[in-house]
Amino acid sequence: MNILLTNDDGIHAKGIEALKNSLSAIGDVYVVAPALEQSGVSHAFSILGMLRYEEVRLNGKLYGYAVNGTPVDTVKLALDEILPEPPDVIVSGINHGENSGVNILYSGTLAAAMEGTVLGIPAIAVSVASLHATDFSTAADFIRKLCLRLSELKLPRDTMLNVNVPNLPA
């Protein structure tokens, strides 16, 4: 399984790290995320200036690619320039605070997932229902299991799931 992993909190966020660690057990994970936090930018994308990306290395190994743009920009750039082939699924998160109600209109986390769906790739946006969460392992483990189940069910290409995980141990 090939997985594109992105977010709106930036490439160094703890949520994306937890997802990368968990999802690496089930497939090839490509991290392409904003270089800086982009929370609340909704479905904005860059039309002025040059989008750039750079490799991010941790302990001498490629971790992912930091993009100087919005979450939507990261998905577009990943699909057009960075990934060797389209992913089977796009996972966006883990976001601090649930994405429900009016928040879905402003969420960069949901927008990144939605952009994948618009481009024909099934996607999952994941959030922890707490603005102060520090442990993302429950959410990351749940998303790993969900990705496995959805690969068995063949999630339709025009599907986006918005998953809000309680800030509780499994």
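For the residue classes used below, Ala, Val, Leu, Ile, Met, Phe, Trp, Tyr, Cys and Pro count as nonpolar, Asp, Glu, Lys and Arg as charged, and the others, Gly among them, as polar. By these classes, the lining of the second largest pocket has 2 nonpolar, 9 polar and 4 charged residues, while the lining of the largest pocket divides into 7 nonpolar, 1 polar and 3 charged. This is a predicted model, in which local features need pLDDT of at least 70 and side-chain atom pairs count only at pLDDT 80 or more, whereas totals for chains, interfaces and linings use all residues. Residues are numbered from 1 along each chain as its sequence is written, and side-chain values use heavy atoms, with hydrogens and water left out.

**Pockets**

- The largest pocket has a volume of about 240 Å³, where a pocket is an open set of points, on a 1 Å grid over the protein atoms alone, that a 1.4 Å probe fits, with protein on both sides within 12 Å along at least five of seven lines, and lining residues have an atom within 4 Å of a point.
- Among the residues that line the largest pocket are Met-1, Asp-88, Val-89, Pro-122, Lys-154 and Arg-157, and helix H5 (residues 137–153) gives the most to this lining, with 3 residues.
- The second largest pocket holds about 200 Å³ of space, a volume being the space filled by probe spheres set on the points, which are joined across faces, edges and corners.
- Of the 15 residues that line the second largest pocket, Asn-95, His-96, Glu-98, Asn-99 and Asn-103 lie nearest its centre.
- Strand S5 (89–96) and helix H3 (103–106) are the elements that give two or more residues to the lining of the second largest pocket; helices (H or I, at least four residues) and strands (E, at least two) are DSSP runs, numbered from the N terminus.

**Helix packing**

- Helix H2 (residues 71–82) and helix H4 (residues 108–118) pack at an angle of about 30°, with their axes 8 Å apart, the axes being lines fitted to C-alpha atoms over the stretch in contact and the angles running from 0 to 180 degrees between N-to-C directions.
- H2 and H4 are therefore roughly parallel to each other, since angles under 35 degrees count as roughly parallel, over 145 as roughly antiparallel, 65 to 115 as roughly perpendicular and the rest as oblique.
- Helix H1 (residues 14–23) packs against H5 at an angle of about 45°, with their axes 9 Å apart, and that makes H1 oblique to H5.
- Contact (heavy atoms within 4.5 Å) between these two helices is made by Ala-18, Leu-19, Ser-22 and Leu-23 of H1 and Ala-140, Asp-141, Ile-143, Arg-144 and Cys-147 of H5.
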